Amino acid sequence: MDIAALRSAHPDHWSKATAIRALTLDAVAAANSGHSGMPIGMADVATVLFEKHLKFDASAPLWHDRDRFILSAGHGSMLLYSLLHLTGYEDFPLDEVKNFRQLGAKTAGHPENFLAHGIETTTGPLGQGISNAVGFAMAEEMLRARFGKKIVDHHTYVIAGDGCLMEGISQEAISLAGRHELSKLIVFWDNNNITIDGTVDLADRTDQVARFKASGWDVQEIDGHDPVAIDAAIAKAKKGKRPQMIACKTHIALGHAAQDTSKGHGALTDPDQMAAAKDAYGWTTGPFEVPSDVKSAWEEIGRRGTEERFAWEGRLAEISDRKRAEFERTMSGEAPKKLSSVIRALKKQASENEPKVATRKASEMVLEVVNPVMPETVGGSADLTGSNNTKTGDMGVFDVDSRDGRFVHYGIREHGMAAAMNGMALHGGIRPYSGTFMCFTDYARPAMRLSALMQQPVVYVMTHDSIGLGEDGPTHQPVEHLAISRATPNTLVFRPADVVETAEAWEVALTQPGTPSVLSLTRQNVPTVRKEHKTKNLAAQGAYVLADAEAGKRQVILIATGSEVSLAMEARATLEAEGIGTRVVSMPCMELFADQPESYRKRVLPAGPVRVGVEASVRQGWDRWLLGERGREAKSDFVGMASFGASAPAEVLYDHFGITADNIVAKAKALL
């Protein structure tokens, strides 16, 4: 690679791109940790994008109609941090760059959206960023259809590497984007042929250009170090009618001794090699020093979109007060005032009529009243629409010719679905929810974890939540999945018992500002257990006394969730008939109960009575409520699963595994 020729051919461009390279080398060296090669190799592409095409204003990082820039190859985070510092983002002064990868710094090892403005999404797990980007692009299409092109009209740009494209989720994402012709989505493939272990052909021989074309994308192939070719390719891509992939042939760690080697992927900290690379670049300043003319040029790039932002603000001011207020409410994430009233009305109706329905059906009943008053909800399913009950009649299907549709057919792509929902939520203006079977949270798990880490209020509708799904057998019967979800920080896991609790769970989930929710819902019908209407949202407390002892002194507390609450009520009736005072505590959300004041938890779970937990899942996670919180091991037991399930009708399975009212009674008596 002739560095001198690159320098002389485009000196202004070269100086700006080299600022990225030099800051990357300096920051990684100071941290003695990081990934130098990708930022150095993709500096030319990023410079052209930011200078000539990206619609942004560094002084207003939350401008709603900005273009989104997503670094899917998140290990190359110094590319993003350098750009944000150079263009003048307030959250990225030089000290942040100097503190790369240090405790408390906004410049974490991989980009984290919640640390600073300017970072659109948390990347690092490869393939997630490009998959988030599909959700960003879908959200842009949906909001443009709703509010008009004058208010919503922007692109989503992505830099993805070979690792992103090897991860299986990338195929789910690119095939979904191609199917929906997301023309505002432009992906740059950093085609440097290097992974940590060596050259790409050690593990892969995929023709990525052919793969993207086969998935419905337009593809261009360019020299990723030629600013003229990069500029022309982006200009052409912006005019495309389909999603765009620009294959950028680059040299990892360009100009460094480790160029085009696997060593170039990681931390390049050798002082002599750094000095030689900077000499080849023509960079003569000291560590973390950017010449004033270069920094000024970058800051001018950071101001380039200011006038366009002012024009957009003018257009927003010209629309009707009602429409502007709705746009601002939607983008803020604030729920409409009508939400609580429709939830209360449905609860009252259910308590009076006492329907016996599956909680997946109860969820549909809730959505039927919520979706009409909450137009920002966008639903979907991983090819299980009729089973998950996530589509309501008013929604319409999102498609190429119906961008105003609010239901997405994700196909059999649980992982891609979850990542796309993260992108929608991160974009703003959308409240995404989608469904699959509870067992297949396994397929969505990495993106569900990122929902929690990124503080995005995505709602996961997970039906067929136990052995109660019956004949499909242990491959489909979740037993450990509630425990897995509950083990994830910043996640609310709801297992409602009936229509009333399901409505309350949805109300909590749809009003969360920064926490995802998992709704674990039954396939089988369950009776109404909340027969007395309460305006207050009791599920929001996590657990509450559903029925208290009446036959004398309280001796037993039965704690249950979901479909097993009705079994606990049956067991209570038997115990009470025998003079054993029994309280039933419904616990739809352990996380919310754990957050309650100790005084409330003590009222619900006082010391003294024996305790039996009841849930058609493994015991893990239950011991806090059975042994802790004033409980004792000698005075507690659990009715649930200790193995995988089996294939048989639901009622047969419940009897076979001992999840019955009779067994609950027997366990309680044995403890007395």
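Trainee: In which helix is Thr-47 found?

Mentor: Some ground rules come before that. This is a predicted model, in which local features need pLDDT of at least 70 and side-chain atom pairs count only at pLDDT 80 or more, while totals for chains, interfaces and linings use all residues. Residues are numbered from 1 along each chain as its sequence is written, and side-chain values use heavy atoms, with hydrogens and water left out. Helices (H or I, at least four residues) and strands (E, at least two) are DSSP runs, numbered from the N terminus. Thr-47 is found in helix H4, residues 43-53.

Trainee: Is Thr-47 buried or exposed?

Mentor: Buried means under 20% relative accessible area, exposed over 50%, and partly exposed in between, with a 1.4 Å probe and protein chains only. Thr-47 has 0% relative accessibility and therefore counts as buried. Contact means heavy atoms within 4.5 Å. Not counting residues up to four places away in sequence, Thr-47 touches His-13, Lys-16, Ala-17, Ile-20 and Trp-298.

Trainee: What does Ser-175 touch, not counting residues up to four places away in sequence?

Mentor: With those residues set aside, Ser-175 touches Ser-215 and Arg-413. Its place is in helix H9, residues 168-179. Ser-175 has a relative accessible area of 15%, so it is buried.

Trainee: Where does Ala-267 lie?

Mentor: Ala-267 lies in the loop between strand E5 (244-249) and helix H12 (271-281). Its relative accessibility is 29%, so Ala-267 counts as partly exposed. Leaving aside neighbours within four places in sequence, Ala-267 is in contact with Val-28, Ser-33, Gly-34 and Ser-36. From Ala-60, Ala-267 is 207 residues apart in sequence and 33 Å apart in space, C-alpha to C-alpha.

Trainee: Now the sheets. In what order do the five strands of the open sheet with parallel pairing come?

Mentor: Strands of a sheet pair through backbone hydrogen bonds, either parallel or antiparallel. Here two strands pair if DSSP finds at least two bridges between them. The order is E1-E2-E3-E5-E4. Strand E1 (68-71) and strand E4 (218-223) are the edge strands, each pairing on one side only. Axes are lines fitted to C-alpha atoms, for helices over the stretch in contact, and angles run from 0 to 180 degrees between N-to-C directions. Direction ignored, neighbouring strands of this sheet are turned by 20° against each other on average. Within the sheet, six bridges pair strand E2 (residues 156-161) with strand E3 (residues 185-191) in the parallel sense.

Trainee: Why is E14 described as largely enclosed?

Mentor: In a regular strand the side chains alternate between the two faces of the sheet. Six of the six residues of strand E14 (residues 581-586) are buried, so the strand is largely enclosed by the rest of the structure. Gly-581, Arg-583 and Val-585 are buried on one side, and Thr-582, Val-584 and Ser-586 on the other.

Trainee: At what angle do the axes of H14 and H15 cross?

Mentor: Helix H14 (residues 306-318) and helix H15 (residues 321-332) have axes that come within 8 Å and cross at roughly 125°. Angles under 35 degrees count as roughly parallel, over 145 as roughly antiparallel, 65 to 115 as roughly perpendicular and the rest as oblique. H14 and H15 are therefore oblique to each other. In H14, Trp-312, Leu-316 and Ala-317 meet Arg-324, Phe-327 and Glu-328 in H15.
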